[in-house]
Amino acid sequence: PLGLRLPPAHRPPHEGKIRLIATSWSANMQKGFDFYRELDDKLDFDRYEMAFIGRSPLQFKNILTLDPAPSIDVANQLREADIFITASHNDPCSNSLVEALHCGLPAVVRDSGGHPEIIGKAGETFSNTEELMQSIEQVAANLDHYRAHIQVLSMDEIANQYFAIFERIASKKRPNKPLAMDYWRLRWAMRRYKWRKKWGNR
């Protein structure tokens, strides 16, 4: 898209401060703002800088707070950072985390919900403030190592996985009413998807 900067294939050794970033559209405290408050108080801001993009219920002293922005602007901010932080509680699959990984950022995530599974070896987890600080230090000291372990699927790969699931469902025995109509809608949608994959817009 116009104005979107692609992440570099390799980042040179960073001179100056390590750049941390967190994002959240929601201002709910369950998004991890208690941990961001701890970072605002205890992070070594002589070594690090941190930005938060979105809505925050807290006022930060040291963390730079930026208003919610369009997706392209957020993506470009992510591409300027080094490490993504998310402290959300019981979040099954945060869009912001997936976006950060696609932008080439290793992540430090709360050991909660689906985030540890999503990052795999591309980051570290934490359960308390001490572990949060340790995880940030560990990732910051080995940025290229964690970047090299980022594994994200393309939209086509994700669509094909959904397609495979739906195809297995649609291949089962035709159901009785009232599910019959949903069954045939699904079968028809699968056929249209196959045709579009094969013939494009022709």
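Okay, so Asp144 counts as partly exposed, because its relative accessibility is 41%. Keep in mind that what we have on screen is a predicted model. Asp144 has a partner, Arg147, and the two form a salt bridge whose closest N and O atoms are 2.7 Å apart. Both sit in helix H6, 3 residues apart, so about one helical turn separates them. And there's a general point behind that: an α-helix has 3.6 residues a turn, so residues three or four places apart point the same way.

Now, is Arg147 itself buried or exposed? At 16% relative accessibility, Arg147 counts as buried, since the cut-off for that is under 20%.

Arg147 has another salt bridge too, with Asp82, and there the closest N and O atoms are 3.6 Å apart. Asp82 is in the loop between H2 and S4, while Arg147 is in helix H6, which covers residues 143-148, so this pair ties together parts that are 65 residues apart in sequence. Asp82 counts as buried because its relative accessibility is 2%.

How many salt bridges does the structure hold? There are 7. One of them joins Lys31 and Asp91, with the closest N and O atoms 3.4 Å apart. That pair links distant parts of the chain: Lys31 comes from the loop between S1 and helix H1, Asp91 from the loop between S4 and H3, and they are 60 residues apart. Lys31 counts as partly exposed, at 28% relative accessibility, whereas Asp91, at 11%, counts as buried.

Let's move on to helix H3, residues 95-102. Its buried residues are Ser96, Leu97, Ala100 and Leu101. Why are they on the same side of H3? Because they cover an arc of only 135° around the axis. And what covers them? The list includes strands S1 (18-24), S4 (83-86) and S5 (107-110), plus helices H2 (71-80) and H4 (115-119). After H3 comes Gly104, and its phi is positive, near 90°.

Last stop, the surface. Tyr162, Ile165 and Phe166 form a nonpolar patch there, and together they have about 290 Å² of accessible area.

Notes
Residues are numbered from 1 along each chain as its sequence is written. This is a predicted model: local features need pLDDT of at least 70, side-chain atom pairs count only at pLDDT 80 or more; totals for chains, interfaces and linings use all residues. Side-chain values use heavy atoms; hydrogens and water are left out. Buried means under 20% relative accessible area, exposed over 50%, partly exposed in between (1.4 Å probe, protein chains only). Helices (H or I, at least four residues) and strands (E, at least two) are DSSP runs, numbered from the N terminus. The arc is that of the directions from the helix axis to the C-beta atoms. Contact means heavy atoms within 4.5 Å. Patches are made of residues with over 30% relative accessible area and no salt bridge: like charges are joined within 9 Å, nonpolar side chains (Val, Leu, Ile, Met, Phe, Trp, Tyr) within 5 Å. Accessible areas come from the Shrake-Rupley method with a 1.4 Å probe; for residues, only the protein chains shown count as cover. A salt bridge is a side-chain nitrogen of Lys or Arg within 4 Å of a carboxyl oxygen of Asp or Glu.
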